[in-house]
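Hello,

Here is the structure I promised to pass on to you. Have a look at it first, and then read on for what turned up in it.

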Amino acid sequence: MENLNGCTAYKSPGSIGGQQFVIRNCQDSNIYLLDHTGSVTVDDCQRCTIVVGPTKQSVFVRDTINSTVVVACGQFRVRDCASLKISLFCSTQPVIESSRELQFSCYQFYYNQLGDQFVKADLNIWNNNWRTVYDYTWNEGDNWTVNEEPIVVELSDQLNKYGITNESKKSIVPLTKCNQQSGENCFVAFGCGIEASRFVQALQSHETDLSLIKCNYSDGKDTKVFQERAKLFGTKKVERIIGLQIQGPHAINKCLAILANDFPQFTTMISTTDTEAKELIKMFFHTFESEFQP
């Protein structure tokens, strides 16, 4: 898509099919890619809203200003940009360079085919590093900030047939927030992604005043090592672990109550004290965070 001016344009599900895509030289336009892609570049856009479906590899935004970008991808890079609002899911550490006035928030978006497209793009909803931004030009000042409130973008009526919405309660990606350094910590581990998703949804629907701070999916060797060290799930062996850091007033008792009353059949492990929670959180998330640049 190129040279759009004052337009609304979209690609429907199934129309891109994992291929590369380019958006360039657009102004005052709303652009929606509602399909999974291999990689995407966005160049020289102004005053646009750009929604990019699940992208297996990289999304690279260059020379773009005064725009809003909603994106889920494996890698995210921004260079020579200014005044962007970015709603982000990224499997790796986002990187910015020679840019200013960037505002990042957690990806909260939904349309009917989005879940299947995440799978096709090999993106895991639990591994979102939206706020671990690395700035190559950090010495030039504070070039980016975090907004804990999800970004809401304008949605064309043409897209209603796809069930598209900004509502957090329908987002397939969990809403994670910054560590508040207050309240009680709770670590909850699941052996099944569907069970973890239903628990997170219950945290919201019960209005517990708790926040999801971190979440991550682990399988393979790391799972086995962590399970043995943390003595998770008793003698039951699991092939994967979804670990959650929950924070807020009386977090442990509230999480215990939800699990006992709503999901007694789930395979879970939950910390019993704030001290134990902090130890488990450090142990579980250290493997993933040690790969990030400071």
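Helix H2 (residues 193-205) packs with helix H4 (residues 251-262) at an angle of about 115°, and their axes are 11 Å apart. Angles from 65 to 115 degrees count as roughly perpendicular, so H2 is roughly perpendicular to H4. Please keep in mind that this is a predicted model.

The crossing of H2 and H4 is right-handed. Which residues make the contact? On the H2 side they are Phe199, Ala202 and Leu203, while H4 brings in Cys255, Ile258, Leu259 and Asp262. Sorted by kind, the residues of this contact give 6 nonpolar, no polar and 1 charged.

Next, look for an open sheet of 4 strands, in the order S13-S14-S12-S15, with antiparallel pairing. Which strands stand at the edges? They are S13 (211-219) and S15 (268-270), each with a single partner strand, so one side of each has no neighbour in the sheet. On average, neighbouring strands here are turned by 15° against each other, direction ignored.

Now pick out S12 (residues 184-190) and S14 (residues 240-248), which pair in the antiparallel sense over 7 bridges.

H4 lies across S12, S14 and S15 and runs at about 30° to S12.

**Some parallel strands**

S7 (residues 82-90) and S9 (residues 100-106) run parallel and are joined by 6 bridges. Here Lys85 stands opposite Gln103 in S9. S9 is also joined to S11 (residues 144-146) by 3 bridges, and these two run parallel as well. Where does Gln103 come in again? Gln103 stands opposite Thr145 in S11.

**The protein as a whole**

Finally, step back and view the whole model. The protein is divided into domain 1 (8-170) and domain 2 (184-285). Taken over C-alpha atoms, the centres of domain 1 and domain 2 are separated by 29 Å. How many residues does each domain give to the contact? Domain 1 gives 6 residues and domain 2 gives 12 residues.

Enjoy exploring it, and do write back with any questions.

Best wishes

Technical notes. Residues numbered from 1 in each chain as written. Predicted model: local features only at pLDDT ≥ 70, side-chain atom pairs only at ≥ 80, totals over all residues. Heavy atoms only, no water. Axes fitted to C-alpha atoms, helices over the stretch in contact; angles between N-to-C directions. Parallel < 35°, antiparallel > 145°, perpendicular 65-115°, else oblique. Left-handed = near helix turned anticlockwise from the far one by under 90°. Contact = heavy atoms within 4.5 Å. Nonpolar A, V, L, I, M, F, W, Y, C, P; charged D, E, K, R; others polar. Pairing = 2+ DSSP bridges. Domains from an automatic or database assignment.
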